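Please look over the model shown here with an eye to its pocket linings and its helix packing. The notes below take up these topics in turn.

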Amino acid sequence: MSALREGAAEAAGANGAARAAAAVPASGQQAAEAPGTSAEQQLYVLGHPVSHSKSPAMYNAAYGQLGLPWRYGLMDCPTADEAERFLAARRFLSINVTTPYKPLAAAEADALAPEAQLARGANLLVREGATLVAHNVDGAGCVGYLLREGVAFGGALVAVCGTGPTALAIMHACLLEGAARVTLLGRDAARSQQVLAGYLATAEEVMQAAEAPEADRLRAAYGQTLLEASAYGQAAAALAEADIIIDATPLGMAPGDPAPFDTALLRPGQTVFDVVYGHGTTALVAAARQAGARAFDGRGMLVAQAVATLRLVCAAAQVECVAPFDELFATMAQAAGFELA
């Protein structure tokens, strides 16, 4: 395994026999292993609640298209203790992790992939032999979807709203796609700058651990992109100038949530993306459309995340996945009931 993936699991505790001893069925589990499948063929979304999740429909449709014997189900664990026991048992090939158990994902992993290290958070666990690797597919999902929609990141000015793992993962993905400047925005400038400083310190560690040519690719990316951090109230110019604005905050999940910044700064020609979906049109998306900007909600990101996840799992399982991105995207979007062009 590459040195990039080392360094996750001192906090995860002992593995092996200690984990097996902790394997107690969780009372809240909503899915058992499907008949005729082994643990190595089982995949889940872990969280609480998860009954609304579209993941099983999306993934099982793709597995059927690819002729894979895998089965994807729900793992609803009402308590952290139950989630920990399920993770410790490791009777799965892969798990997508959602609220409220994302903090457990990195702690239970044996190793962190670079994007999870840099985001300081993980939402995907994949078994690579006996090793459990934590990933973060937020950046791949967001940027992958916008690229599919024809949004160009090369040389673009980008503003990312939020300072959590999702925002950091998206910032990193924008950098890798060649953005000229990415501004990380939060409510407090000092907090935003602290988060960016932490990201940059981790980036240096990742580059030092990487082998060529990966290290060279990362250094080239950091050399071409200016990274800044500020507060919404102090970043009017960055927001008005931005070619792409991405809101990676939870705003919009509750009725009446405002946009994270003054939407009077929006203008025609901008692309505005909100990670939130399924709660009606957010204030930011509504304002962007009114201002004449292109605006997207988070449905496409969810599907693109699923495509990225599928490819990571296939690689870990040493299964060839030759289906192109657009074909997998269309299959999974249809299965989710999303009408995405």
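The model is predicted, and the second largest pocket has a volume of about 700 Å³. H12 supplies at least two residues of the lining of that pocket and also meets H13, while H9 likewise supplies at least two lining residues and packs with H8.

**The second largest pocket**
- The lining of the second largest pocket is made up of 27 residues, and those that lie nearest its centre are Glu115, Gly139, Ala140, Ala173 and Leu176.
- At least two lining residues come from each of the helices H5 (114-119), H6 (138-148), H7 (165-176), H9 (214-224) and H12 (299-316).
- Sorted by class, this lining holds 16 nonpolar, five polar and six charged residues.

**H12 and H13**
- The axes of H12 and H13 (residues 325-336) come within 9 Å and cross at roughly 120 degrees, which makes H12 oblique to H13.
- The crossing of H12 and H13 is right-handed.
- On the H12 side the contact involves Gly300, Val303, Ala304, Ala306, Val307, Leu310 and Arg311, which meet Phe325, Leu328, Phe329, Met332 and Ala333 in H13; by class, the contact has 10 nonpolar, one polar and one charged residues.

**H8 and H9**
- H8 (residues 189-209) packs with H9 at an angle of about 150 degrees, their axes being 9 Å apart, and H8 is therefore roughly antiparallel to H9.
- The crossing of H8 and H9 is left-handed.
- H8 contributes Tyr199, Ala203, Glu204, Val206, Met207 and Gln208 to the contact, and H9 contributes Ala215, Leu218, Arg219 and Tyr222; by class, this contact has seven nonpolar, one polar and two charged residues.

How values were computed
Residues are numbered from 1 along each chain as its sequence is written. This is a predicted model: local features need pLDDT of at least 70, side-chain atom pairs count only at pLDDT 80 or more; totals for chains, interfaces and linings use all residues. Side-chain values use heavy atoms; hydrogens and water are left out. On a 1 Å grid over the protein atoms alone, a cavity is a set of points where a 1.4 Å probe fits but cannot get out, and a pocket is an open set with protein on both sides within 12 Å along at least five of seven lines; lining residues have an atom within 4 Å of a point. Grid points are joined across faces, edges and corners, and a volume is the space filled by probe spheres set on the points. Helices (H or I, at least four residues) and strands (E, at least two) are DSSP runs, numbered from the N terminus. Ala, Val, Leu, Ile, Met, Phe, Trp, Tyr, Cys and Pro count as nonpolar, Asp, Glu, Lys and Arg as charged, and the others, Gly among them, as polar. Axes are lines fitted to C-alpha atoms, for helices over the stretch in contact, and angles run from 0 to 180 degrees between N-to-C directions. Angles under 35 degrees count as roughly parallel, over 145 as roughly antiparallel, 65 to 115 as roughly perpendicular and the rest as oblique. A crossing is left-handed if the near helix is turned anticlockwise from the far one by less than a right angle, and right-handed if clockwise. Contact means heavy atoms within 4.5 Å.
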